[in-house]
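Please keep the sequence and the structure side by side as you read.

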Amino acid sequence: MLRRSTEVPEEGRGPARSLRRVFLDGVLVNVPNPKVVLFFLAFLPQFVPSGASPTRARVWMVGLGASVSAIGLLVGLGYTFAADAARHLVGGGRPGRDLAGYLVGGVYLALGLLVAR
């Protein structure tokens with residue numbers, strides 16, 4: 001399960017930040033993101049009924065935007081829980097970090113070889 005870490009930060013990592021601060025940082029980065037606004041303005045109107053009044057069209061856009069946000073939240077939570085489970089499988093000690101580093105390095109190497117083909 002997800003829970004607050006009680007580990008002491010390693011040297012060079014800086015002080016641990018509160019979960020509230022991490023959340024607020026994420027909101028501040030994502031809310032003013034113009035790519036998200038452009039996506040919603042370019043992609044979602046094609047799913048609004050063509051004869052809808054401006055008010056109904058706005059309701060449709062808000063509903064579609066809420067649906068996309070809910071799906072994104074569920075996918076993000078799925079990644080979070082999968083990463084947490086993988087962390088427990090690999091372990092939190094030095095051998096686990098080494099194994100995780102080798103796995104990530106192997107994935108990058110494989111992706112590089114696929115791109116180089």
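A residue is called buried at under 20% relative accessible area, exposed at over 50%, and partly exposed in between, using a 1.4 Å probe and protein chains only. Helices (H or I, at least four residues) and strands (E, at least two) are DSSP runs, numbered from the N terminus. With those terms in hand, α2 turns out to be hardly covered: among its ten residues, the count of buried ones is one. Across the chain, buried residues make up 8% of the 117 residues.

A word on the source: this is a predicted model, in which local features need pLDDT of at least 70 and side-chain atom pairs count only at pLDDT 80 or more, while totals for chains, interfaces and linings use all residues. Residues are numbered from 1 along each chain as its sequence is written, and side-chain values use heavy atoms, with hydrogens and water left out.

The chain has four helices and zero strands, so to read it from the N terminus is to follow the order α-α-α-α. Let's begin in α1 (19–30). A search of the whole structure finds one salt bridge (a side-chain nitrogen of Lys or Arg within 4 Å of a carboxyl oxygen of Asp or Glu). Its partners are Asp25 and Arg21, whose closest N and O atoms are 3.2 Å apart. Asp25 and Arg21 are separated by about one helical turn, because they lie four residues apart in helix α1. Arg21 counts as partly exposed, with 43% relative accessibility.

Next comes the loop between α1 and α2 (34–43), where you will find Asn33. Asn33 counts as buried because its relative accessibility is 18%. At the start of α2, a side-chain oxygen of Asn33 reaches to within 3.1 Å of the backbone nitrogen of Lys35. This is a polar contact, meaning a pair of N or O atoms within 3.5 Å; within protein, one must be able to donate a hydrogen and the other to accept it, and residues adjacent in sequence count only if both atoms are side-chain atoms.

Phe40 leads us on to the rings. A search of the whole structure finds three aromatic pairs. Rings of Phe, Tyr and Trp (its six-membered ring) pair if their centres lie within 6.5 Å; planes under 30 degrees apart count as stacked, over 60 as edge-to-face and the rest as tilted. Phe39 and Phe40 are edge-to-face, because their ring centres are 5.5 Å apart and their planes stand at 70°. Phe43 and Phe47 form another edge-to-face pair, with 5.3 Å from centre to centre and 65° between the planes. Phe39, Phe40, Phe43 and Phe47 form one aromatic cluster.
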